[in-house]
2 protein chains.
Amino acid sequence: MKALHLEKIHPGLSIDCVVFGLHGDTLKVLILKLKKIDKWALPGGFVAATEAVDTEAARMLKDRTGLDHLFLQQFHLFGAVDRNKVSDIRNFVDQQIISAAEGEVLAQRFVTISYYAVVDYAKVQAPTPDYSSEFCEWCPLKELPSLIHDHREIIAKAYQVLKRDLNYQPIGYNLLPDKFTMPELQAVYETILEKKIDRRNFRRKMLSFDILIATDEVRTGGSHKAPILYKFDEQKYQAAMVGGLVSLW
Amino acid sequence: MKALHLEKIHPGLSIDCVVFGLHGDTLKVLILKLKKIDKWALPGGFVAATEAVDTEAARMLKDRTGLDHLFLQQFHLFGAVDRNKVSDIRNFVDQQIISAAEGEVLAQRFVTISYYAVVDYAKVQAPTPDYSSEFCEWCPLKELPSLIHDHREIIAKAYQVLKRDLNYQPIGYNLLPDKFTMPELQAVYETILEKKIDRRNFRRKMLSFDILIATDEVRTGGSHKAPILYKFDEQKYQAAMVGGLVSLW
DNA sequence: TCTTTATTGTGTCAATATGACGCAATTATA
DNA sequence: TATAATTGCGTCATATTGACACAATAAAGA
């Protein structure tokens with residue numbers, strides 16, 4: 001959480017990424033263990049003076065996960081005055097957990113623009129910590145440890161927005177493999193929404209959105225009927241991202 | 001668009017507000033005519049170092065419109081590198097439209113966090129220009145003049161998000177009077193969506209959301225049957241703001 | 001090879017929701 | 001007192017949804 005090249009950094013602004021990982025039927029969040037402080041943080045960083053904010057968010061995600069071309073959704077700017085909890089930082093300095101200089105940096109006011117992404121846990125070999133962190137961990141959403149600043153609030157908001165977005169946006173592109181089965185897609189929804197959906201009704205509704213193309217292949221391996229592999233109709237998928245899947249009025 | 005007290009301002013960050021006004025059946029946007037430059041701008045400003053970003057957005061809206069307690073929706077951070085179009089600014093300086101010092105300020109990189117609000121045009125007596133602008137105007141969404149920076153893009157995005165939000169959020173609170181009729185509420189939707197809705201089906205759906213309470217009063221004055229006055233069930237309205245009106249899954 | 005098990009694709013059906021519209025009631029005005 | 005305008009309430013055919021039945025089939029075990 002320290003600026004590397006302050007002179008080249010857009011001032012007062014940070015980026016935080018909430019990276020959701022689907023691990024079986026559990027939704028996890030990528031967090032980083034800080035080096036000196038006994039707390040965790042979201043992957044994030046600062047914006048180079050010469051780069052667009054969206055570009056920088058994508059770069060950070062790539063640096064941590066190795067993943068590229070992900071769907072990164074900007075969802076909120078957190079701009080409370082004491083969102084970095086200056087009294088906590090003073091305590092860290094008093095207890096000599098961090099140096100006075102480090103405390104000075106951390107006590108500066110930053111507003112943070114937050115992005116979320118949903119990634120395939122299996123595609124991320126080993127998340128890479130940044131200069132300020134020791135190691136990374138995928139943590140179940142329900143078992144978050146003590147987080148620095150307002151990062152717990154950021155994660156809560158990200159999860160709320162993600163669930164809301166499922167009501168009008170498709171999901172799965174660059175998250176599932178190019179070809180995937182209906183049960184695999186359903187698992188994405190069930191994991192995020194923490195809710196069982198009737199598989200026959202799920203199929204019917206999903207197909208009605210007209211964003212899937214059935215291939216002539218199936219996924220073998222299970223000791224049961226081999227499910228059909230689908231792919232996204234990229235055109236219609238993108239159209240649905242903009243125009244929404246359903247409209248009330 | 002110039003900082004008043006740079007030393008007390010959070011650096012590199014501005015706020016822009018897209019204030020939609022319902023004027024009969026037309027959706028208008030509040031814009032400010034700049035003093036020296038022959039362009040228009042969104043109401044906005046900078047964030048005091050001692051204030052939350054949301055608070056500052058509300059303050060700006062109150063300064064311009066006199067309106068308080070509005071629903072202000074933060075919707076996007078615009079963070080492109082050249083969103084202030086530095087080449088345009090250099091031209092203004094070259095043509096001596098603005099001073100070199102003013103050009104210097106305008107050419108600095110700022111990211112802007114944008115909010116939208118929908119207000120009752122009739123409640124705003126006379127919008128007040130700020131120090132950088134000559135006068136304000138409610139401009140129909142379809143007839144926007146030349147705007148500074150990326151403000152046209154900001155308005156387009158605001159309108160897109162507003163229409164999207166109507167699909168899962170209620171609208172009308174602090175926009176309509178405390179008591180309002182069903183046709184008045186419907187007009188809000190029709191004006192924003194630019195779409196006629198069957199009044200009988202609108203009523204049925206709106207009532208099904210269970211956020212309205214019928215009073216025992218009616219609105220007289222028209223030469224026709226007096227419509228019933230409704231008010232919002234504030235509890236359920238707020239719940240719908242968080243949880244959404246409908247859910248796909 | 002022949003079951004068995006697990007899970008998929010397809011389809012049914014009652015209940016509910018939606019879109020399009022009819023009609024009597026009622027308010028101010030002519 | 002009639003007229004015009006617009007509202008509240010209701011109908012009906014059609015579409016959508018939720019709950020569930022059943023045959024098909026891929027792999028594993030007997």
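In chain B, S9(B) and strand S10 (residues 228-232) pair in the antiparallel sense over four bridges. Two strands count as paired if DSSP finds at least two bridges between them. Strands (E, at least two residues) and helices (H or I, at least four) are DSSP runs, numbered from the N terminus. One bridge joins B:Val218 to B:Ile228 in S10(B).

This is a predicted model, in which local features need pLDDT of at least 70 and side-chain atom pairs pLDDT 80 or more, while totals for chains, interfaces and linings use all residues. Side-chain values use heavy atoms, without hydrogens and water.

The sheet in chain B is open and antiparallel, with three strands in the order S8-S10-S9. Strand S8 (180-181) and strand S9 (212-218) stand at its edges; each has a single partner strand, so one side of each lacks a neighbour in the sheet.

Now the DNA. DNA strand C is surrounded by 23 residues, near meaning that a residue has a heavy atom within 4 Å. Among the closest are A:Arg203, B:Arg200 and B:His224.

H6(B) gives the most, with five.

Polar contacts are pairs of N or O atoms within 3.5 Å. A polar backbone atom of B:Lys225 lies 2.9 Å from a base oxygen of DNA strand C.

Conventions. Residues numbered from 1 in each chain as written. Chains lettered and ligands numbered in written order. Polar contact = N/O pair within 3.5 Å; in protein donor to acceptor, adjacent residues only side chain to side chain.
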